[in-house]
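Please load the model in the viewer and keep a selection tool at hand.

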Amino acid sequence: MLRGLAGAWAVLGPLLWGCGLALLQGGMLYPRESRSRERKELDGLWRFRADFSQNRRQGFEQQWYRTPLRESGPSLDMPVPSSFNDVGQDGRLRSFVGWVWYEREATLPQRWTEDLGTRVVLRIGSAHYYAIVWVNGVHVAEHEGGHLPFEADISKLVQSGPLSSCRITIAINNTLSPHTLPPGTILYKTDTSKYPKGYFVQNTNFDFFNYAGLHRTVLLYTTPTTYIDDITVTTDVDQDTGLVNYQIVVQGSEHFQLEVCLLDEEGRVVAKGTGGRGQLRVPSAHLWWPYLMHEHPAYLYSLEVKLTAQTAAGFVSDFYTLPVGIRTVAVTESQFRINGKPFYFHGVNKHEDADIRGKGFDWPLLVKDFNLLRWLGANAFRTSHYPYAEEVMQLCDRYGIVVIDESPGVGIVLAQSFSNVSLQHHLEVMEEMVRRDKNHPAVVMWSVANEPASFLKPAGYYFKTLIAHTKALDPSRPVTFVTNSNYEADLAVPYVDVICVNSYYSWYHDYGHMEVIQLQLATQFESWYKTYQKPIIQSEYGAETITGFHEDPPLMFSEEYQKGLLEQYHVVLDQKRKEYVVGELIWNFADFMTDQSPQRAIGNRKGIFTRQRQPKSAAFLLRERYWKLANETKYHGSAVKSQCVGNSPFTF
Ligand code: GCB
């Protein structure tokens with residue numbers, strides 16, 4: 001039985017998106033340059049100060065946003081994008097909890113400040129966790145959540161006087177509470193024989209370092225005052241005709257015309273349309289195929305949108321071009337299908353994490369990671385455990401790397417974190433996430449959470465509501481969350497389309513005993529499948545491994561143990577993938593930083609690559625397996641050749 005909507009999509013697509021869209025307020029299109037739009041990145045050095053005062057509120061009491069930061073006290077140079085934690089030598093800053101202040105001046109082109117037909121927008125790609133923004137001392141935005149972008153229209157401010165620059169101040173608070181996503185708690189330690197007065201620690205229930213700061217690009221961009229605010233595209237296939245359903249939202253005027261034009265990769269126009277909503281038909285369409293599933297994976301068309309509007313000042317035009325991949329996604333009782341063909345996820349879980357910059361976006365790191373993914377023969381990853389930078393998603397579209405897009409719902413284990421306050425926030429985060437990532441063909445499934453306490457009583461209502469809401473926002477994609485609960489106790493799995501299960505046999509349980517893995521893993525799969533008859537992904541498995549540690553016979557933490565453990569998992573995965581297991585995602589792509597604890601030797605070491613992206617022995621094992629899987633599961637075209645181009649099998 002088809003659980004996906006692919007069949008009915010041709011007819012219902014645009015209509016259903018209409019319903020979904022009604023829930024979202026405003027668009028969040030990626031800022032692209034065009035004939036009508038400019039962008040100015042504000043990356044580089046910002047002034048910075050952490051508020052070390054006892055109550056962390058000195059910055060507000062003294063209104064640090066009113067005057068340049070240098071006038072209210074000493075400041076540091078802080079790179080953006082970057083986490084602030086690891087760039088300095090001050091241990092207090094590494095573990096700082098509370099408000100930090102960023103500031104920089106931006107010089108604006110004359111046209112931006114003088115042309116009242118220009119709209120100037122400040123966009124912050126990610127500020128972890130809570131941010132307040134002022135421009136020239138005036139409050140312009142506030143945002144909760146560290147992994148999704150937010151914007152402020154600052155036209156009025158920068159166009160109100162003879163200004164050629166503006167001062168941007170951003171205060172950021174990284175404190176996590178039971179109602180934030182991810183949740184956390186602040187624990188005050190009041191025993192004065194052990195702790196100084198006012199001593200507190202931030203506790204979390206997730207396993208990565210709570211890096212903070214301006215993690216992604218901060219930029220200014222322009223549009224005309226009547227502008228294309230949002231575009232939503234969904235696709236389907238009818239025989240060999242591609243169907244592109246589009247819906248466009250315009251702000252600033254009610255009197256406008258819209259023209260859309262779909263171009264192929266050679267720049268030829270393949271379909272045209274008019275109006276704010278419609279369907280384009282593309283005969284003999286090139287489908288968007290995942291990496292290694294087709295000779296020409298990741299085919300992208302370009303949807304050129306042109307808006308013309310009549311305003312008081314005359315005619316204005318706005319142009320926006322959106323990459324579009326034509327593909328379908330569907331789920332059956334035992335398969336995950338892309339373009340009607342069974343798809344097997346062979347990939348990784350990642351983190352945004354690296355030396356020095358922490359979670360700060362970095363192009364060289366991004367390109368290196370994608371080169372490693374392709375070397376590995378990985379066709380998928382999960383954005384564990386929060387939405388990644390938009391540029392990451394764009395590369396997935398371009399390379400055909402399939403994405404399970406996960407929300408920051410990680411570590412939801414406290415009863416308070418299942419309250420209505422938390423649920424309401426989680427619903428809003430899903431709205432922001434779907435709004436940002438809905439047009440990426442690479443995104444094939446939403447994951448609303450990782451390892452919540454889904455056996456607790458309130459989890460049933462919480463996840464039923466959350467998953468239903470996500471499906472209402474986007475009826476075109478399956479929805480899941482990742483469980484580590486017992487199959488009999490889990491109250492949330494009834495609502496998912498695909499069961500994603502994490503297990504660490506012979507690591508956290510029966511440690512040192514690899515001989516029990518096969519039995520335990522087979523039991524895990526069989527129990528879940530018998531109960532639910534839904535496809536299953538092994539969404540995490542792995543072993544802590546310190547590169548360079550060798551022990552034969554294998555001992556825990558050695559490279560041999562990591563390999564041995566993976567091999568045991570693979571025996572069972574090879575049996576069950578013939579039935580209903582539709583994917584395997586190793587934990588983790590690379591070693592990454594965590595809080596300090598007796599279980600962590602400078603971070604989590606379950607990477608198959610080190611934090612510096614050098615392979616451990618397990619990387620070679622997995623590479624052999626993934627290329628073999630690619631050959632077995634490819635849809636058509638010639639065999640996937642492990643061609644030696646500089647010893648790397650990047651191409652067919
Ligand atoms: C898990 C979590 C992941 C941890 C991993 C581990 O189940 O989902 O965030 O890092 O286990 O290594 O313990």
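Begin by selecting residues 40–224: over this range the chain is 9% helix and 42% strand, and the end C-alpha atoms are 16 Å apart. Helices (H or I, at least four residues) and strands (E, at least two) are DSSP runs, numbered from the N terminus. UniProt lists these residues, 40–224, as "domain: Glycosyl hydrolases family 2 sugar binding" in an unreviewed entry; UniProt positions are given in the numbering used here, feature names are shortened, and annotations may be inferred rather than shown by experiment.

The model is predicted: local features need pLDDT of at least 70, side-chain atom pairs count only at pLDDT 80 or more, and totals for chains, interfaces and linings use all residues. Residues are numbered from 1 along each chain as its sequence is written, and side-chain values use heavy atoms, with hydrogens and water left out.

Next, display the open sheet of six strands, whose order is 3-2-4-10-7-8 with antiparallel pairing; two strands pair if DSSP finds at least two bridges between them. Its edge strands, each pairing on one side only, are strand 3 (76–80) and strand 8 (138–144). From one strand to the next, the twist averages 30°, where axes are lines fitted to C-alpha atoms and angles run from 0 to 180 degrees between N-to-C directions.

Select strand 2 (residues 44–50) and strand 4 (residues 99–107), which run antiparallel and are joined by four bridges. R49 stands opposite W101 in strand 4.

Move to strand 7 (residues 130–135), which six bridges join to strand 8 in the antiparallel sense. V135 has V138 of strand 8 as its bridge partner. Two residues lie between the strands of this hairpin, and N136 there takes a positive phi near 50°. Q63, also not a glycine, has a positive phi of about 50°; select Q63 in the loop between helix 2 (58–61) and strand 3. Most residues other than glycine have a negative phi, and most peptide bonds are trans.

**The second annotated range**

Now select residues 329–630, where UniProt places the feature "domain: Glycoside hydrolase family 2 catalytic" (unreviewed entry). The chain here is 35% helix and 16% strand, with the end C-alpha atoms 19 Å apart.

An open sheet of three strands has the order 22-23-24, with antiparallel pairing; strand 22 (329–331) and strand 24 (341–342) are its edges. Strand 23 (residues 336–338) pairs with strand 24 over two bridges, and I338 stands opposite K341.

Two cis peptide bonds can be inspected next. The bond from D552 to P553 has omega near 0°, and P553 is placed in the loop between strand 31 (536–540) and helix 11 (559–576). The bond from W587 to N588 has omega near 10°, with N588 in the loop between strand 32 (581–586) and helix 12 (617–633).

**The ligand**

Which residues come nearest to the ligand? Of the 13 around it, these are D207, E451, Y508, E540 and K606, a residue being near if one of its heavy atoms lies within 4 Å. The shell divides into four nonpolar, four polar and five charged residues.

Show the side chains of K606, H385 and N604. An N or O atom of K606 is 2.5 Å from a ligand oxygen atom, a polar atom of H385 lies 2.7 Å from a ligand oxygen atom, and an N or O atom of N604 is 2.8 Å from a ligand oxygen atom. The protein covers 91% of the 320 Å² of accessible area that the ligand has on its own, by the Shrake-Rupley method with a 1.4 Å probe.

Notes. Polar contact = N/O pair within 3.5 Å; in protein donor to acceptor, adjacent residues only side chain to side chain. Nonpolar A, V, L, I, M, F, W, Y, C, P; charged D, E, K, R; others polar.
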